[in-house]
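Hello,

Here is the structure I promised to pass on to you. My notes on it follow just below.

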Amino acid sequence: MIVKNICCIGAGYVGGPTMAVIAQKCPEINVTVVDINEKRIDAWNDENVDNIPIYEPGLSNIVKEARGRNLFFSTHVDAAIDKADMIFISVNTPTKTYGIGKGMAADLKFIELCARQIARVATTDKIVVEKSTLPVRTAEALRNILDNTGNGVRYQILSNPEFLAEGTAVADLMNPDRVLIGGDIDSVEGAEAVEALVDVYAHWVDRERILTTNVWSSELSKLTANAFLAQRVSSINSLSELCEKTGADVNEVAKAVGMDSRIGSKFLQSSVGFGGSCFQKDILNLVYIAKSYGLNEVADYWEQVITMNDHQKRRFAANIVKTLFNTVSGKKIGILGWAFKKDTNDTRESAAIYVVDYLLNEQAEVAVYDPKVKAEQIYADLDYLNTRQEAENRARVTIVNSAPEVAEKAHAIAVLTEWDEFQELDWKSVYGNMLKPAFLFDGRRLLNRVEKEKIGFEFYAIGS
């Protein structure tokens, strides 16, 4: 099957960048990204590509090249579905906040709505591709909906999980470690559908790096990969606390361990904790699946990764209070960085949200600066926790436009995102604007102790 028209339902952090790269690399394929969020689609179509809703290095240039040629952003969902040969489902699958599985299971209501819309609209055979991160065997539910509520249309369901790291999403798409495609590889029709998607990626990815499996292996591989990565973060963070008690240096421990070729050095950087849309959600999903099969020991094992991550954030915030003479009431605490990592404007599950919430509960006054995250998003993140009135969040949290403003008459600064510009700050100037003694809490280990001591900070970093 030759794919001429692709539709992607969902213009978020996965759908937008992925489709932009496919459009750039496959100029003969028309790619339409659809979303019911008109404001988001308008942002993708903004004449100034620097205003697109997702910040990723290099993404705006790709959008600029392909948009209007073979890349389109639209709210006309039905029309795009009807025209498409291949439909990617890339909608949000948040952790359930209600009912059975609350707090762990993935909420699949948006996936189901997409499937029902496809079944209602489609009049020709379609390849439907799961791009969202989904529990294993979700494809079975999709097939039940599509086969039993449609117009006699034949569907092939594929799983094509994303393995993007935010901040490097474009590089990950351009040069992926692997592309994973799961399908009904034991049937002729299923194998043809898999090959059709392989052909799309083969425009720029070596076929040796395109893996094909059955659907269930593909779905579970995504959850497992994120669980393994998050496990490494929680493992080194658990040891950072032990380092603080024993006098060991967690950086030195991580370097020694990471040089073991069986282990490797990636994801061994201790910090205030992991964030983002994937790690916590996917681990909780894995926990719920294990429990649903009665595998309680398996569930307990993986749940501890989340427990340690939450502990690290609370511990970091508590250390700020303890160091500032056991009270931050009425004191100004500067926060450098709100995004969960550098080179992205994504704040989902960012450690900064929970650290600041803890400090606000201790009656601190907070000033925040992040190069890419807007004030409305910062307030929305705090409001979502529902731990105080929205008016109080706005009264006690000030969003400023630079690091020096964060430091002005602050008692302490906490570095919570590792933006490059923070490494290049004139730290002496920053220190000079603060109240003395001035404290620096480095949750991302940006600078070393010697540099900070030369400036004059009372310095505290994870694991040192």
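Let me start with a pocket. Helix 12 gives the most to the lining of the second largest pocket, with 5 residues. Please keep in mind that this is a predicted model. The volume of that pocket is about 300 Å³. Besides helix 12 (296-323), helix 9 (215-246) and strand 14 (458-461) each supply at least two lining residues. Sorted by class, the lining has 5 nonpolar, 2 polar and 5 charged residues. Among the residues that line the pocket are Glu241, Glu244, Lys245, Arg315 and Lys322, along with Phe316 and Tyr460.

Lys126 sits in strand 5 (residues 126-130). Lys126 is buried but has no salt bridge, and the nearest side chain of opposite charge, Asp82, is 5.0 Å away. The Lys126 side chain does reach the backbone oxygen of Asp82, at 2.8 Å.

Finally, some backbone geometry to check in your viewer. Most residues other than glycine have a negative phi, and most peptide bonds are trans. Phe325, in the loop between helix 12 and strand 9 (332-336), has a positive phi of about 65° without being a glycine. Phe325 counts as exposed because its relative accessibility is 57%. Asp343, also not a glycine, has a positive phi of about 65°; its place is the loop between strand 9 and helix 13 (351-361). The peptide bond from Lys436 to Pro437 is cis, with omega near 0°, and Pro437 belongs to the loop between helix 18 (427-432) and strand 13 (439-442).

Terms used:
Residues are numbered from 1 along each chain as its sequence is written. This is a predicted model: local features need pLDDT of at least 70, side-chain atom pairs count only at pLDDT 80 or more; totals for chains, interfaces and linings use all residues. Side-chain values use heavy atoms; hydrogens and water are left out. On a 1 Å grid over the protein atoms alone, a cavity is a set of points where a 1.4 Å probe fits but cannot get out, and a pocket is an open set with protein on both sides within 12 Å along at least five of seven lines; lining residues have an atom within 4 Å of a point. Grid points are joined across faces, edges and corners, and a volume is the space filled by probe spheres set on the points. Helices (H or I, at least four residues) and strands (E, at least two) are DSSP runs, numbered from the N terminus. Ala, Val, Leu, Ile, Met, Phe, Trp, Tyr, Cys and Pro count as nonpolar, Asp, Glu, Lys and Arg as charged, and the others, Gly among them, as polar. Buried means under 20% relative accessible area, exposed over 50%, partly exposed in between (1.4 Å probe, protein chains only). Lys and Arg count as positive and Asp and Glu as negative; His and the chain ends are not counted. A salt bridge is a side-chain nitrogen of Lys or Arg within 4 Å of a carboxyl oxygen of Asp or Glu. A polar contact is a pair of N or O atoms within 3.5 Å; within protein, one must be able to donate a hydrogen and the other to accept it, and residues adjacent in sequence count only if both atoms are side-chain atoms.
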